[in-house]
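I opened this structure for a first look. These are my notes, in the order I took them.

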Amino acid sequence: MAESKKRILERYCATIARKFTQILVFIVIFGGIFGFAATSIVLPIRVGLSNPYVIIADAWMLMEIMLTRAIVPLLALASIALFSLFIGRAACGWLCPFGLINDVIGAIGKRKKLSPNVVLSLWKFALFLAGLFIFIDVSIYYNEVINRSIKGYFGAFYGAPSTFIDPVTPMFSLLFWMTYNDKWPSNMSGWFSLPAEFYWRIFIMIAVIIACYYFPRLYCKALCPLGAVMGLASQYSLSFLSISKGLCNECKLCERVCPMDVPILDFLESGEIRHPQCILCLKCVEACPKRALTLKFG
Amino acid sequence: MSLKLKSARLILFLIGTICLAVAIYVGQAEVVKELLSQFLKEELAGYVS
């Protein structure tokens, strides 16, 4: 009995470590609930910025809000560049609070797989969105600097354009704010007087949750602008997965368990899995019966 | 190791370290702390004007 427990621990060592890290980071990020003050730590994770209980900053939201306030987001850029260089997209798999929520929904969901072409196209779509938002942010920044504001063109979303299609900020900021300030309508007419943007953002949040139920981590694959930018840089990361052609028997078990649908066997010739959607969750490493996959650094 | 890989890593390292150094120099950490400790109207789009 003890031996079988030991075997299970060895088999799922990475998953246990990852889940423990994700939950611990989730608790630490909301450290304001336990009385901790805001820190100046900026991580490449998605949690929003404006929840006063959050004590660690979301690099993407920080970058957007700083740009639209005409401040150069130096800490956000440093965080994205250095994390991508050293650990690739591992922050998505190990630290991101919204990634944890995606994982939980995916675990109880249907787990439909996407083809390699679709997975790559989704990343390109997310990268396009990220580029579009950065372009809008930089345009707002430039026009603020020359005192010719264009904020009015973007309506209520001028301060952070990506919140238009973002389920993170409604979940971690807007709903918290409404509860914190007791803004929930007490009668039916109150619901009709809420702004249209509120309903739009709640719709996006629910749509993403439903999509993640069928396709694990769909938000991370197709909508997360931070993940897309880090995916671009993570292809040159110092941390990567390596696959041994000699050991691999091409059973495709690794591809079946991958939550990001990375076509792992496509990298059999090169031996290095450098895919923009790989979040280094190590599920493939655990699943491989031949131990053909290993995490490498350097 | 290919030249492309080396160059990309060098660029990422330079962007990261230069931005971090300048951020420390200009004291951007205080701005981050200030932004983190409030509900920002930017993120509450449409609700708070």
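**Helix H7 of chain A**

I looked up the buried residues of H7(A) and found A:Val119, A:Leu122, A:Trp123, A:Ala126, A:Ala130, A:Phe133, A:Ile136, A:Asp137 and A:Ile140. Buried means that 20 or more other C-beta atoms, placed from the backbone, lie within 10 Å of the residue's own. Helices are DSSP runs of H or I, at least four residues, numbered from the N terminus.

I noted that this is a predicted model, where local features need pLDDT of at least 70, side-chain atom pairs count only at pLDDT 80 or more, and totals for chains, interfaces and linings use all residues. Residues are numbered from 1 along each chain as its sequence is written, and chains are lettered from A and ligands numbered from 1 in the order in which they are written.

What covers these buried residues? I found that the cover includes helix H3 (59–68), helix H11 (218–222) and helix H12 (225–234) of chain A.

I checked the length of H7(A), residues 116–145. Just after H7(A), A:Asn147 takes a positive phi of about 55 degrees.

**Chain A against chain B**

I counted 39 residues of chain A in contact with 29 residues of chain B. Contact means C-beta atoms, placed from the backbone, within 7 Å. H4(A) gives the most to the chain A side, with 8 residues.

**A:Ala76**

Leaving out residues up to four places away in sequence, I found A:Ala76 touching A:Val42, A:Ala59, A:Leu62, A:Met63 and A:Met66.

Definitions and conventions:
Buried ≥ 20, exposed ≤ 12 C-beta atoms within 10 Å, placed from the backbone. Helix = DSSP H or I, 4+ residues; strand = E, 2+ residues; numbered from the N terminus. Contact = placed C-beta atoms within 7 Å.
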